[in-house]
Amino acid sequence: MSTSPDLISQPTGLAANRWVLIGATGINEKDREIPITGTRVVIGRRPDQDLVISHPTVSGCHAEILRKGDTLLVRDLGSTNGTRVNEQRIELPTPLHSGDRLCIGSVEMWVQVRADQPDMGTGTMMASSIETSRFLGFGRLLTDPAIIPFFQPIVSLEEGDLVGYEVLARSELPGFETPLKMISVAEQMGLEHEFSDVCRVVGVQHSQKLMHPRRLYLNTHAEEVGDPELIESLVRLREIVPDLDLTLEIHEALVTNQGVMTDLRAQLNDLNIQLAYDDFGAGQTRLLDLSEVPPDTLKFDISLVKGLSEAGPKRQQMVATLVSMVLDFGITPLAEGIETREDMEICREIGFELAQGYFFERPRSVEYFNAISAGGTTMLPGR
């Protein structure tokens, strides 16, 4: 979705207030223009930063934007989830151009230059045309639909069996190849509900082609939680697959609204759909919140799991204690983001029951898994 910098005329001699970021600074907020002024702007989740982004994937002191003459640079400040420019994670100070896509953690923003006069010239008109084309192309995702579901296996660490798949969205439409690209436009167009609904429906439909179907873990958008449209969507889904095992994933940052979660839990029970809280450990959810409205599955964030085998004993003990408490609540703990055998083994040792990650398999198409099944290959840890 990012516009190549060479498509946009880059003005020279820019005034400081002409640079803006376009995006949201909170989970339930709408996009807005954020002026970049001065020579240094520090971005992070802490309230004392110059630009505060209240999102669980953003570190307390995440990145900084530097102005050197007419050049704008972004530098990561050792954040947990990284800073990306046009999908490339940066390690060094990186120039920004009008039309670039800047990701702070998973929060997506657009870099733009605003002129003093309404007539901004050919470059801006071209950018506007590109933006319109993106919106029109997004309509194909919903109406064709042009979404391709990918499935990432979830395995049992005790038996080594394949127990389910998380359904993830992909597309071959230019500019919409990744979930972030699709979600960004959906949010700009106010079509978060429609996009999520189509992703779930297409994922369930494609899963019926799997030679060895399993429980499906389906994602939601933050805007859906607490809205009646979500339940209406799930009712329609149940009519399509009345007997398929389903689990709905909710981001842990939304769990603190106990009234909404209590109602959602009851409605999911009526539909025979399980509940999972995603990315536990990335935000502010307390164990007390989990005990009030316990999910069936709790997915521990990759930040707690990745590199656990090489972490010190204090971190390992902390994760083991959390897993033990979760088990005491009757919740199934799932380790996300396992990439090595060593991490898999320690996760199994400290009590994780389920896991997913590149160590087992990357997200793949139905055709890929059917080819594996036809060849007699089993989904086992370390296969």
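**Burial, strand pairing and salt bridges in a predicted model**

User: Is C347 buried or exposed?

Analyst: The relative accessibility of C347 is 0%. This value comes from a predicted model. Buried means under 20% relative accessible area, so C347 counts as buried.

User: How many disulfides does the structure hold?

Analyst: A disulfide is a covalent bond between the sulfur atoms of two cysteines. C103, at 1% relative accessibility, is a buried residue. A search through the whole structure gives a disulfide count of zero.

User: Which residues of helix α10 are exposed on the face turned away from its buried side?

Analyst: Helix α10 spans residues 366–374, and its buried residues are V366, F369, N370 and I372. Viewed down the helix axis, these buried residues fall within an arc of 155°, so they line one face of α10. The face turned away from them carries the exposed residues E367, A371 and A374.

User: How many bridges join β5 to strand β6?

Analyst: Strand β5 covers residues 63–68, and five of its six residues are buried. β5 and β6 form a hairpin with two residues between them, and G69 in the turn has a positive phi of about 65°. K68 stands opposite T71 in β6. The two strands run antiparallel, and the number of bridges joining them is six.

User: How many residues apart in sequence are the parts tied together by R215 and D245?

Analyst: R215 forms a salt bridge with D245, with the closest N and O atoms 3.9 Å apart. R215 lies in strand β14 (residues 215–218) and D245 in the loop between α4 (228–240) and β15 (246–251), so the pair ties together parts whose separation in residues is 30.

User: What is the N to O distance in the salt bridge of R265 and D296?

Analyst: R265 is buried, with a relative accessible area of 15%, while D296 is partly exposed at 23%. Their side chains meet in a salt bridge with an N to O distance of 2.7 Å.

Terms used:
Residues are numbered from 1 along each chain as its sequence is written. This is a predicted model: local features need pLDDT of at least 70, side-chain atom pairs count only at pLDDT 80 or more; totals for chains, interfaces and linings use all residues. Side-chain values use heavy atoms; hydrogens and water are left out. Buried means under 20% relative accessible area, exposed over 50%, partly exposed in between (1.4 Å probe, protein chains only). Helices (H or I, at least four residues) and strands (E, at least two) are DSSP runs, numbered from the N terminus. The arc is that of the directions from the helix axis to the C-beta atoms. Two strands pair if DSSP finds at least two bridges between them. A disulfide is a pair of cysteine sulfur atoms within 2.5 Å. A salt bridge is a side-chain nitrogen of Lys or Arg within 4 Å of a carboxyl oxygen of Asp or Glu.
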